Amino acid sequence: MKKMNVVAFVTLIISFLLLSQVLAELSSSSNNETSSVSQTNDENQTAAFKRTYHHRPRINCGHACARRCSKTSRKKVCHRACGSCCAKCQCVPPGTSGNTASCPCYASIRTHGNKLKCP
């Protein structure tokens with residue numbers, strides 16, 4: 001009887017070890033799938049980060065518009081229009097008038113009456 005209990009105990013331990021081995025392999029394979037999904041997500045985020053959006057860096061619109069509107073007779077109107085154009089385009093042409101080729105977005109914004117909005 002005692003020998004039978006020892007055999008049952010050894011069989012129980014061997015089955016427990018085999019079961020834990022199977023569970024470890026299953027866990028390992030699910031981690032590989034998770035890591036491949038995680039790696040795919042990391043690759044997507046990296047690709048999204050590397051995409052080039054042709055946005056200009058943020059500028060100080062207040063300073064740029066003060067320079068642009070420095071010689072106008074209607075400073076408040078000029079600052080308001082220039083500020084909204086600068087916020088949208090993130091650029092203001094150099095000088096007090098003209099030079100719109102350096103900032104095509106700024107030069108292309110129009111009012112509802114189809115007049116140029118940006119000074």
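Cysteine 89 is buried (under 20% relative accessible area, with exposed over 50% and partly exposed in between; 1.4 Å probe, protein chains only), its relative accessible area being 9%. The model is predicted, so that local features need pLDDT of at least 70 and side-chain atom pairs count only at pLDDT 80 or more, whereas totals for chains, interfaces and linings use all residues. Residues are numbered from 1 along each chain as its sequence is written, and side-chain values use heavy atoms, with hydrogens and water left out.

Six disulfides (pairs of cysteine sulfur atoms within 2.5 Å) are present in the structure. Cysteine 89 is bonded to cysteine 105, with 2.1 Å between the sulfur atoms. This pair links helix α3 to helix α4 (residues 104–108) across 16 residues of sequence; helices are DSSP runs of H or I, at least four residues, numbered from the N terminus. The link is left-handed, at -70° about the S-S bond, and cysteine 105 is partly exposed at 32% relative accessibility.

Helix α3 (residues 75–89) also holds cysteine 86, which is buried with a relative accessible area of 0%. Its disulfide partner is cysteine 61, at a sulfur separation of 2.1 Å. Contacts of cysteine 86 (heavy atoms within 4.5 Å), leaving aside neighbours within four places in sequence, include Cys65, Val92 and Tyr106.

A further disulfide joins cysteine 91 and cysteine 103, whose sulfur atoms are 1.7 Å apart. The torsion about this S-S bond is about 50°, and the disulfide is therefore right-handed. Both cysteine 91 and cysteine 103 are buried.

Key: Helices (H or I, at least four residues) and strands (E, at least two) are DSSP runs, numbered from the N terminus.
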